[in-house]
Amino acid sequence: MDYAGELISNYEHPHNRGRMSKADSSFHEFNPLCGDDLTIYIRIRDGRIEDVKFDGSGCAISIAAASMLTDEVKGKPISKVEAIGFEELKGIIGIDPGPVRLKCATISLKALKKAVFLYEHKKPDGATENL
Amino acid sequence: MRFDVERIRADFPILQRKMNGKPLAYLDSAATSQKPLAVIEAISDYYSTYNANIHRGIYELSEKATEKYAESKEKVAKLINAGGVENIIYTRNATEALNLAALTYASHKVRKGDRILITEMEHHSNLVPWQLLAKKQKAVLEYIRVDKRTGLLDGTSLNESLEREPAIVSLTQASNVLGTINDVKSITRMAHGHGATVIVDGAQSAPRMRVDVKDIGCDFLAFSGHKMLGPTGIGVMYAKRDILEETEPLLGGGDMILKVTLKAHMWNELPWKFEAGTPNIEGGIVLGTAIDYLNGIGLGAIDSYESELTRYALARLSELKNVETFGPGLKDAKNRAGLVAFSINGIHAHDIAQVFNDNGIAIRAGHHCAMPLVREVLGKDSLARMSFYVYNTKDEIDRAVDAIEKVKKIFRVE
């Protein structure tokens, strides 16, 4: 795997990082094995992601992926967000993370999808175990 | 006598291979060691020529398997200077040995309100079993503090904790993160003076130095075969004879009984009382082969060679800007196991290990199964760790230093 230049600059200067007050939904993901710890916040207007932020800590891949993913989904309809799969994520972050780093690359996408799910279903945490 | 690392390397087939197109530099032996050809062939030899269940077959194959299995226990007993095979219980690994001690002897000894004393530098395998036991028995789990600056146990904390008369003291002989070698002999003597039973985790020490249970005086010792050139799935719990005699076994089944009636049973003799069911026969036998190989080099020679590599690694890493190492420093390197945990200016250890991997170098990254030590004591998210064994070279450490420079370049660290 290559640490492509864009990935490194997104890690060093991540976009959309920070907490969001009055988010419509948020979700916290933690990977105890490596310590990646991310929360995604979303604000939704007219079925679109009006604003999205992430906060937390992790390795270069998890932080850069969160930065690039949040850039990508801003302004998109939530149906588009729900449809993002691993292949598309690889295109967004510009690398194939390989099996060992898969969890680092996908942690922000998982949190984002769960945040969207919670928004749509208005269910408390824990109702989303099967996602 | 010169330590002939090239001759040793020739015995390890895996070292011929490449990783990501580069010669493999395996710097992760504290996680598991590589295996010499003698060990690999001994496994195949067992299955090809005398595979049979032990202790029951009245035929040549079974007799040979039984004999070889018992012979390996004699080798283990000799290796750690135990009284005899009756002190040697085979388990899956050091983790199972520590759990076995906690679930049998310790769970009878520890009563409500009693104290169990461990250290902040324990691997999860010597930490979680005690959290579980403390919860079950409503006992109190206490920790001997680690001095973050020196990587050593805090003497005041040790003394104060022992004053509170713990029922059990369980600690590692060598830390898998800091490399610190604890003076388990003195601590055992002090702990016995306060009435405690002493359990030593030898997972990192048994592969690389003389561990003499009579000299240490400990009541239990646990270690794993796979970290000392043996196969996975075989570990050892040593305990003193009187303790084993009075302790009830955890598992019941075949082989651990002498006699069973519809109403009762009579336990088998030691050590078989603790080994219910068909054991890991090939693992047991081949652990003996691994011990033969280690004795061929000599544990004293292994100890000094690992110290030499560790001193070299600490010296080379100290030349690098923005690289921090953990555990006892260069001047205390004599009493340090063959591993160096490090971090580079806050770069996540998984990113470091990834760049190492791209350069053919295998290292460990993360919490190293010692989350309380890494996060709560050292205050880090993750650490990278290189660890050494009989087949490693200074050239591989140089390659690791080059890889660190590459990490720094990629992440634009000065």
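The contact takes 12 residues from chain A and nine residues from chain B, two residues being in contact if their C-beta atoms, placed from the backbone, lie within 7 Å. On the side of chain A that touches chain B, eight residues are nonpolar, three polar and one charged; Ala, Val, Leu, Ile, Met, Phe, Trp, Tyr, Cys and Pro count as nonpolar, Asp, Glu, Lys and Arg as charged, and the others, Gly among them, as polar.

This is a predicted model, in which local features need pLDDT of at least 70 and side-chain atom pairs count only at pLDDT 80 or more, while totals for chains, interfaces and linings use all residues. Residues are numbered from 1 along each chain as its sequence is written, and chains are lettered from A in the order in which they are written.

Chain B comprises 14 helices and 19 strands, taken as DSSP runs numbered from the N terminus (helices H or I, at least four residues; strands E, at least two). For its 414 residues a compact globule would have a radius of gyration near 22 Å, and chain B agrees with 22 Å; the radius is taken over C-alpha atoms, and the globule rule is 2.2 Å times the number of residues to the power 0.38.

Four strands of chain B form an open antiparallel sheet in the order 15-16-19-18, where strands pair if DSSP finds at least two bridges between them. Strand 15 (323–326) and strand 18 (364–366) of chain B are the edges, each pairing on one side only. Three bridges join strand 18 of chain B to strand 19 (residues 383–387) of chain B, and B:A365 stands opposite B:A384 in strand 19 of chain B.
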